[in-house]
Amino acid sequence: MRKSLWTAGATLLFFAGSLGITLLFAATLFGVPEADLSAVTLLLLAVGGGVGLLALLMMRPAVLGRVGGVRGQLVGVGLICSLLLVGMILAGSRAMFISEHDLSILLTMLLFAALLAFGFSLRGAMPIARRVARVRWGTAQLANGELETELPVDGHDEISQLSADFNRMAAALREAVAREREMEQARRDLIAAVSHDLRTPLASARALIEAVADGVAADPDTEARYLSSARNELANLGRLVDDLFELAQIDAGVLRLDLEEASLHDLISDTLSSFRPQAERRGVRLVGEVSESVDPVLMSPPKLQRVLYNLVSNALRHTPADGTVALRAMPEGKVIQVEVTDTGEGISPDDLPRVFERSYKGEKSRTRGEEDFAPGAGLGLAIARGFVEAHGGRISVESRPGHGSRFRFTLNRV
């Protein structure tokens, strides 16, 4: 109802404006006598209103849409406008008492003009119809899975803009499909890695427990050693399950941290202390450098401890004897810059963009000193990135093969 009232009001306003402009030109430029202006006004109101109302009714989508096709509708609009002009001229000629001879000539000229208008309307509608048909073809191709479909953009009108929008949509769909395929491949790789790393400690623990149950451990010391090994394997299994749970929270976007003002200096000191025995067994120097002005930091201590643990353990795993692993923290403007550097084997340029992906593992990740570290499915760096970003920071890596690696992340200062 409101739309109909708005349409009727806009139509009346347009009609009144057209009539006012016409009478102004008639009185000033065309030289119509003032005595005739009233008669001309009545004629325009009667004929223009009647014929215009008829044209308005015929041009409604419910009526014109029955013609079918853009070409037919455009030609129909041109024909209706021509009929409106013919109706106005015929009514005016009758009012001016034109003779039958003059009327026949006028009708002949009007018929010729109407045919020309019809032909030009048809000629102008054909390229527009072809371009619309091309867009329809493109959408049909896209619906059938042809994501490489692109439409030519010729011109600057709405159809050209629609073609450009179509091309952008097709490009976005291609990118979305590519990302989905990458995620699917990453999911398969993760399942394969997790299946292996779940099966290994589970099989070891089961074998050890079965050995104790079958009486293979003949003395208490051997039985205690078997049970201790089984307990360690189950602990590794529990850590892997925890990793999967935390990664699922990160991927789902439901990870929520309880941030508080805490001491980053103490957290780094605790991390270095916990890794020092492993570093000494491997002959690796463990260095810590913390600026006195870093504290306090807005953080979740358990989650940030996990980030440091993952980065330092990863650095130790890939650093040979006589190498160095350094953990540093320093203020940089409004953030705290934390970095873990090592003098290890480094990361190849092909692997560098993928180090924070789920289930990523370098070629040598299983080949050196694994007895000092709990086995995993390559989730450590992915979890570290998720926790850092949950803190509002950013994490990055720089590395060259044979020259070690440098992991950096930022934290917000209080």
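Which residue takes a positive phi in the hairpin of S4 and S5? I looked there before anything else. Glycine 333 does, with phi near 70 degrees, and the hairpin has 2 residues between its strands. I note at the outset that this is a predicted model.

**Entry: confidence**

I checked the pLDDT before reading any geometry. The mean for the protein is 78, and 81% of the residues reach 70 or more. Among the elements, strand S5 (residues 335–342) has the highest mean, 90. Helix H3 (residues 61–64) has the lowest, 60. I marked residues 363–377, where the pLDDT is below 50. That stretch still has 36 contacts in the model beyond near neighbours in sequence. I leave those contacts alone, because coordinates predicted with low pLDDT should not be read in detail.

**Entry: the sheet**

I then traced the strand order. The open sheet has 5 strands, in the order S2-S4-S5-S7-S6, and its pairing is mixed. S2 and strand S6 (395–399) are the edge strands, each pairing on one side only. From one strand to the next the twist averages 15 degrees.

I went through the pairings I had listed:

- S2 and S4 run parallel and are joined by 6 bridges. Here valine 287 stands opposite alanine 326 in S4.
- Strand S4 (residues 324–332) and S5 run antiparallel, with 8 bridges between them. Arginine 328 has glutamate 339 in S5 as its bridge partner.
- S5 and strand S7 (residues 405–412) are antiparallel, over 7 bridges. Glutamate 339 stands opposite arginine 408 in S7.

I also looked at how covered S5 is. Of its 8 residues, 7 are buried.

**Entry: helix over the sheet, and the core**

Which strands does H9 lie across? I found S2, S4, S5 and S7, with the helix running at about 170 degrees to S7.

I looked up the largest nonpolar core next. It has 44 residues, and those with the most contacts inside it are Leu264, Leu304, Val307, Leu327, Val338, Phe409 and Leu411. Helix H9 (residues 301–317) gives the most to this core, with 7 residues. Another core lies apart from it, with 5 residues, among them Leu142, Leu151, Phe166 and Ala170.

**Entry: salt bridges**

How many salt bridges does a search of the whole structure find? I got 8.

Aspartate 154 pairs with arginine 131, the closest N and O atoms being 3.9 Å apart. Aspartate 154 is in the loop between helix H5 (100–143) and helix H6 (158–213), and arginine 131 is in helix H5, 23 residues apart. The aspartate is partly exposed at 38% relative accessible area. Arginine 131 has 15% relative accessibility and therefore counts as buried, the cut-off being under 20%.

Glutamate 289 pairs with arginine 328, with the closest N and O atoms 3.0 Å apart. The two are 39 residues apart, glutamate 289 in strand S2 (residues 285–290) and arginine 328 in strand S4. Both ends are partly exposed: glutamate 289 has a relative accessible area of 40%, and arginine 328 has 21%.

Arginine 408 pairs with glutamate 339, with the closest N and O atoms 3.3 Å apart. Arginine 408 is in strand S7 and glutamate 339 in strand S5, 69 residues apart. Is glutamate 339 buried or exposed? Its relative accessibility is 8%, so glutamate 339 counts as buried. Arginine 408 is partly exposed, at 25%.

I finished by checking which of these charges are connected. Glu289, Arg328, Glu339, Glu398 and Arg408 are linked in a network of salt bridges. On the strand side, glutamate 339 is the bridge partner of arginine 328 and stands opposite arginine 408.

Terms used. Residues are numbered from 1 along each chain as its sequence is written. This is a predicted model: local features need pLDDT of at least 70, side-chain atom pairs count only at pLDDT 80 or more; totals for chains, interfaces and linings use all residues. Side-chain values use heavy atoms; hydrogens and water are left out. A nonpolar core is a set of buried Ala, Val, Leu, Ile, Met, Phe, Trp, Tyr and Cys residues joined through side-chain atoms within 4.5 Å. Buried means under 20% relative accessible area, exposed over 50%, partly exposed in between (1.4 Å probe, protein chains only). Helices (H or I, at least four residues) and strands (E, at least two) are DSSP runs, numbered from the N terminus. pLDDT is the predictor's confidence in each residue, from 0 to 100. Contact means heavy atoms within 4.5 Å. Two strands pair if DSSP finds at least two bridges between them. A salt bridge is a side-chain nitrogen of Lys or Arg within 4 Å of a carboxyl oxygen of Asp or Glu. Axes are lines fitted to C-alpha atoms, for helices over the stretch in contact, and angles run from 0 to 180 degrees between N-to-C directions.
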